[in-house]
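Good morning, colleagues. I would ask you to open the structure alongside the sequence, and I shall then take you through several of its features in turn.

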Amino acid sequence: MKKLTILLLSGLLLTGAGCSDYLDEDTTGLLYGPNVLSTQDGLESALTGAYKGLANQWTYGFLHPSANAAVLGADDVTTHPASNKADWREFDQFNVSTTNQRSNAVYNGCYKAIQGANNVINNYQKTVGTKATIDIIVGEAHFIRAFSYYWLTRFWGNIPLIMAGEYSDDLLTVKKSTPQEIYDLIVADLKVAETNLPNAKRDPGRPNKGSAKAFLADVYLTMAGWPLKQTDKYDLAAVKAKEVIDNAATYGFELLPTFAAVFENDPASSGTKEAVFQISGYLGGSGTANATYGNTTMPGEEGGWDDMFAELNFFRDFPAGPRKDATFRTEFGLGATKIPWQNSLTKHPYYQKWYIKGNIVTSSISLPSVMMRYPHVLTIYAEAKARGTGGPDQAAYDALNKVRLRGRAAGTKALAPADGLTAAQFADEVVQERAWEFACERTRWFDLVRLERVEEANAKKSADDLQPIKPIVKANYWFPLPYTDTSINPNLNQ
């Protein structure tokens, strides 16, 4: 088993997978060495292995609601106070254990993707084939590695930095790296991806040049906040986001005319032009269907699992308009008779965003997990410009208004410099608009963390929502590393 797994090499123990299952399911991710990777097909196969780390329906990655559970410490989503939701409640109550299966699924998936990406990055120079295609494969590998480390360091902070694609005994004594060291690699990887990737995606589930620029902008925005607090990065974030905005048509990105169209969630669709980067699901593929839609976000009255639903004050304060109508489900029932959310078993509104067209009750669907939407880029620019040199310009107001006016009620006035907002007030408007726009999309938690507002947001929760079981401190911004890794490597406890 050790010879075949990498990365703290206990990750599979969490999933209960045996060696034979691992070999049967994931051999493409383990192809490494000069013989296999000397061909372009072999290099592509190793890249496929990297993507697999991000896309396994139940075990690891993002084709299930584990990442949604891990961000319940924010103020937009909560879970059932009883039932079998203990792993979910740990996040909402700031009591995350080292054996939590939800966060550990993200951890294992990201490191699995990193392994596959390392295989490509460490061996592509020996590959014989078409240089242009090899460059794209390498660019995607760097993007996947950056994406994976970005999620890891935001959730766990100090983490192992693994650059190898093959097992060695040294991996059993690896030490943790600081967020600065991790971010240095993330930025370097995204710059390679930005250079190597084409303007057009090879398919909807892959990144392009615009995807790399957009994530680089988001990374800079995060680096400007907690824990690094490198405020000079705000200017870099604004510049990079503006490059995406100015070339959105070239990269195939656009803001859809209506918010409802973004979440039509038609299984026949492969995604929308708002998807800057998505992880595609495939119904009928081995472990590649998406379990984030359907059951997980539906109430028991509709045959759902009651995993996640809206926090009460967040729903109450949400501005009326087409976005609120398309974001929440407030009446339930599979038949003609509907009950209002106030009379439901949980007495909470649910998220319409994760319903499948036709209200299909299932946990396996072909819809993608969209990891960044184009309006995210618009709000990055608006906030970064406000917090950076010179404050918000007209372009920052325009970017915010595009998102704001699409979502709010008809007749809503556009914000303008003449309104007299200070730069800080404008930035706060952007952050709040992001909360409404990306509700239940794994975004709000990271905004609260980088701005050090986790405590404030949780203090404003309704008494009828789950509460932290102890005072929140900065240590609660990060999760403890999985026990399966710390138990075999004492260096990870330091």
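How many disulfides are there in this predicted model? The count is zero. A disulfide, in general, is a covalent bond between the sulfur atoms of two cysteines. The cut-off used here is 2.5 Å between the sulfur atoms. For C110, the closest cysteine sulfur belongs to C440, and because the two lie 19 Å apart, the separation is too far for a bond. Taken from the other end, the sulfur of C440 has that of C110 as its closest cysteine sulfur, at 19 Å.

Most residues other than glycine have a negative phi, and most peptide bonds are trans. C440, in the loop between α18 and α19, has a positive phi of about 60° although it is not a glycine. D306 likewise has a positive phi, near 60°. This residue sits in the loop between β4 (275–279) and β5 (309–310), and it is buried, with a relative accessible area of 12%. There is also a cis peptide bond, from W226 to P227, with omega near 10°. P227 belongs to the loop that joins α10 (209–223) and α11 (233–246).

Next, the largest pocket. Its volume is about 400 Å³. Which residues lie nearest its centre? They are D75, Q432, R444, A457 and K460, out of 20 lining residues. Four helices, α14 (312–317), α18 (423–437), α19 (444–450) and α20 (454–459), each contribute at least two residues to the lining. Of these, α18 gives the largest share, with five residues.

Finally, I turn to helix α17, which covers residues 394–407. With 14 residues, α17 reaches 20 Å from its first C-alpha to its last, close to the 20 Å expected at 1.5 Å a residue. Where is α17 kinked? The kink is centred on N401 and amounts to about 30°. N401 is itself among the buried residues of this helix, which also include A396, Y397, L400, V403, R404 and G407. As a general point, an α-helix has 3.6 residues a turn, so residues three or four places apart point the same way.

That concludes my presentation; I would welcome your questions.

How values were computed:
Residues numbered from 1 in each chain as written. Predicted model: local features only at pLDDT ≥ 70, side-chain atom pairs only at ≥ 80, totals over all residues. Heavy atoms only, no water. 1 Å grid on protein atoms, 1.4 Å probe; cavity = no way out; pocket = protein on both sides within 12 Å on 5 of 7 lines; lining within 4 Å. Points joined across faces, edges and corners; volume = space filled by probe spheres on them. Expected span 1.5 Å × (residues − 1). Bend = angle between axes of the 7 residues up to and from the residue. Buried < 20%, exposed > 50% of the residue type's maximum accessible area, 1.4 Å probe, protein only.
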